[in-house]
Amino acid sequence: MSELKDRLMADIKTAMKEKDTMKKGVINLLRAGLQNESLELKRELTKEEEIKIVQRELKQTKQSLEEGQKANREDIVEAEKAKIAIVESYLPKQMNVEEVKELIASLGISKDASMGQTIGVVMKEVAGRAEGKTVSQAVKEYLQN
């Protein structure tokens, strides 16, 4: 079993003992996503694939948060914020725009490179440590300065 799956199993046991239904629900959602992907591919997932699944869940939860904010539903907003915190705990530490810009500079990418190509190179480098939105903003700022 992978490190992430082991951690999810341990955390779900703890959540059940503590009767933390929110955490239990989120963990079950993550476990189901990992299991479904593994069954679909008919093999164990790589660490990168597991991170992508967790990121996908985070993105969906953030979209739900935005929808809740648009509808002025404070109950939904609070629940989604709590879910986001739980999901983020299963991802590597996320890089901010400045850290991504430093990475771009260290890769030796010239200022006249195309944005699309640069984003592609950087996304491979950050693999799970930064969201696409953050990478896009960092590349845009880097190429404009």
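The model is predicted, so local features need pLDDT of at least 70 and side-chain atom pairs count only at pLDDT 80 or more, while totals for chains, interfaces and linings use all residues. Residues are numbered from 1 along each chain as its sequence is written, and side-chain values use heavy atoms, with hydrogens and water left out.

The predictor's confidence in each residue, from 0 to 100, is called pLDDT. Its average over the protein chain is 90, and 99% of the residues score at least 70. Among the elements of the chain, α2 has the highest mean pLDDT (94) and helix α6, residues 115-126, the lowest (86). Helices (H or I, at least four residues) are DSSP runs, numbered from the N terminus.

Helix α2 covers residues 21-41 and includes Glu 37. Glu 37 counts as partly exposed because its relative accessibility is 21%; buried means under 20% relative accessible area, exposed over 50%, and partly exposed in between (1.4 Å probe, protein chains only). Leaving aside residues up to four places away in sequence, Glu 37 touches Leu 45, Ile 53 and Arg 56, where contact means heavy atoms within 4.5 Å.

Ile 53 is also one of the buried residues of α3, which include Val 54, Leu 58 and Leu 65. These buried residues of α3 are covered by elements including α1 (3-17), α2 and α4 (74-88). Helix α3 has 24 residues (47-70) and should span 34 Å at 1.5 Å a residue, which agrees with the 35 Å between its end C-alpha atoms; the expected span is 1.5 Å times one less than the number of residues. Just after α3, Asn 72 takes a positive phi of about 55°.

Notes:
Helices (H or I, at least four residues) and strands (E, at least two) are DSSP runs, numbered from the N terminus.
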